[in-house]
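Biologist: I would like to learn how to read a structure step by step. Could you take me through one, giving the general idea before each case?

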Amino acid sequence: MSNVSHARSDLSGHPDASEMRARYDRVMGGRDVALVDAPVFLVGLYCAVSPWVLHFTASQPALVTHNLVMGIAIAVLALGFTVMPERMYGLSWAMCAIGAWIIVSTWVVGDSPDAGIVINNIIVGGLTVLLGMVCAGAAARTRST
């Protein structure tokens with residue numbers, strides 16, 4: 001077996017070291033909302049599973065599909081915020097729109113939903129709007145500096 005331990009060396013002598021440091025600082029410098037990524041993901045997951053948690057799969061089949069799709073969309077946005085923060089934080093306003101739609105869709109998509117479903121979607125939608133605004137504010141602050 002070959003010994004490759006000599007292959008590891010200090011990168012300070014690398015010709016692109018300063019450019020790599022600058023890029024790293026640029027990418028990670030805008031991570032003011034890194035702590036928001038996990039709550040956004042959790043809100044998305046809860047939105048996706050909420051029909052089964054609140055047991056409205058039989059009474060509101062259209063709302064079940066809707067919440068599942070919206071929850072997956074929020075979770076995918078959260079993963080995008082984590083993996084590609086520089087590119088994805090521009091979609092923070094889209095998350096605000098998704099949250100507002102989740103609130104309104106209770107009556108648009110649902111068929112006479114009961115109070116539990118209404119309160120659930122208002123809370124999930126409100127949290128989505130709030131977290132989207134936090135992400136959008138941080139993205140705007142990062143771009144202005």
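This is a predicted model: local features need pLDDT of at least 70, side-chain atom pairs count only at pLDDT 80 or more; totals for chains, interfaces and linings use all residues.

Biologist: How many helices and strands does the protein have?

Modeller: Helices (H or I, at least four residues) and strands (E, at least two) are DSSP runs, numbered from the N terminus. Here the protein has six helices and zero strands.

Biologist: How many residues does helix α3 have, and how far does it reach?

Modeller: The expected span of a helix is 1.5 Å times one less than its number of residues. Helix α3, residues 61-83, has 23 residues and reaches 33 Å from its first C-alpha to its last, close to the 33 Å expected.

Biologist: Is H66 buried or exposed?

Modeller: Buried means under 20% relative accessible area, exposed over 50%, and partly exposed in between, with a 1.4 Å probe and protein chains only. H66, which lies in helix α3, is buried because its relative accessible area is 10%. Other buried residues of α3 include N67, M70 and G71.

Biologist: Which residues is H66 in contact with, leaving aside its neighbours within four places in sequence?

Modeller: Contact means heavy atoms within 4.5 Å. With those neighbours left aside, H66 is in contact with W101, I102, S105 and V109.

How values were computed
Residues are numbered from 1 along each chain as its sequence is written. Side-chain values use heavy atoms; hydrogens and water are left out.
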